[in-house]
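Colleague: Hi, I'm new to this one. Could you walk me through it?
Modeller: Happy to, let me put it on the screen.

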Amino acid sequence: MVVLNNETDFPELSFACQNVLSLNISTKNSKTDLKLLAITKQNIDIILLSDTRLNTIKQNSAIHDLQKKLRLKGYEFVHNSKQSSRGVGILFKKSLDWEIHRKIMDQGDNYLILDITISKKRFTLAAVYGPNQNDMDFFDNLERGIQTIGNDNIILGGDWNATWDSSPVNSNIDVINMQNIPSKSRSEKINQLSRRLSITDPFRFLHQLKKEFTFVPNIAVNRNR
């Protein structure tokens, strides 16, 4: 899910980049490098990553090697991923004219908020990995960090572990073949945060009633989405 300023600000954000991708890496293993390097072939300007699990304290040499590979592919890598779980990061195409003024990093590696200028326009950019449990403090801390930076234009993206729609499962447009939505409480908290920051989900702005999903289980026989 990517959320950004309401529809009146969509043109204002087009200055920054041609496109933004949000992706869950899922597991740090021998295929992680291949995943990241495959992503860079798509020629996307900004790539928001979640669940990176880079464990940088113990694997500094591996991270430096990954950063070098990404630079050869034309990307700079900024991340908040100190553990073998959770973690977020942002890839920037080197051809972009960008400068980071400030970083706010969650201690649990669940978000990375940047005060950034791209193409002479300043805005807030954040990679988010939402909680699996009903940790309401996460959303409060995220909102506080964004407000601390104080930019008018905002782009947040990542795996929120919740749906935008907080309706019951039988009428929810964000899930398919599920007994329950991931968390009504987290969905309501996302909507509360969105109202306070005047942001929206661009997919839902463009497709208000379309049933769609971004999660597919690893087990082929499972049909929940």
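**Salt bridges and a helix pair**

Modeller: Let's start with Asp140: at a relative accessible area of 24%, Asp140 is partly exposed (buried is under 20%, exposed over 50%, partly exposed in between, with a 1.4 Å probe and protein chains only). Keep in mind that this is a predicted model, where local features need pLDDT of at least 70, side-chain atom pairs count only at pLDDT 80 or more, and totals for chains, interfaces and linings use all residues. Residues are numbered from 1 along each chain as its sequence is written, and side-chain values use heavy atoms, with hydrogens and water left out.

Colleague: Thanks! Which side chain does Asp140 meet in a salt bridge?
Modeller: Lys189, at 3.2 Å from N to O. A salt bridge here is a side-chain nitrogen of Lys or Arg within 4 Å of a carboxyl oxygen of Asp or Glu. The pair links distant parts of the chain, with Lys189 in helix α5 and Asp140 in helix α4, 49 residues apart. Helices (H or I, at least four residues) and strands (E, at least two) are DSSP runs, numbered from the N terminus.

Colleague: And Lys189, buried or exposed?
Modeller: Lys189 counts as buried, at 16% relative accessibility.

Colleague: How do the axes of α4 and α5 cross?
Modeller: The axes of α4 (residues 136-149) and α5 (residues 184-197) come within 10 Å and cross at roughly 15°. Axes are lines fitted to C-alpha atoms, for helices over the stretch in contact, and angles run from 0 to 180 degrees between N-to-C directions. So α4 is roughly parallel to α5 (angles under 35 degrees count as that).

Colleague: What kinds of residues make up the contact between them?
Modeller: Seven nonpolar, two polar and five charged. Ala, Val, Leu, Ile, Met, Phe, Trp, Tyr, Cys and Pro count as nonpolar, Asp, Glu, Lys and Arg as charged, and the others, Gly among them, as polar.

Colleague: New topic: how many salt bridges are there in the whole structure?
Modeller: A search finds ten. One of them joins Asp45 and Lys93, with the closest N and O atoms 2.9 Å apart. Asp45 sits in the loop between α2 (32-40) and β3 (46-50) and Lys93 in strand β5 (residues 88-93), so this pair ties together parts 48 residues apart in sequence.

Colleague: Is that Asp45 buried or exposed?
Modeller: Asp45 counts as buried, at 5% relative accessibility, and Lys93 counts as buried too, at 13%.

Terms used: Parallel < 35°, antiparallel > 145°, perpendicular 65-115°, else oblique.
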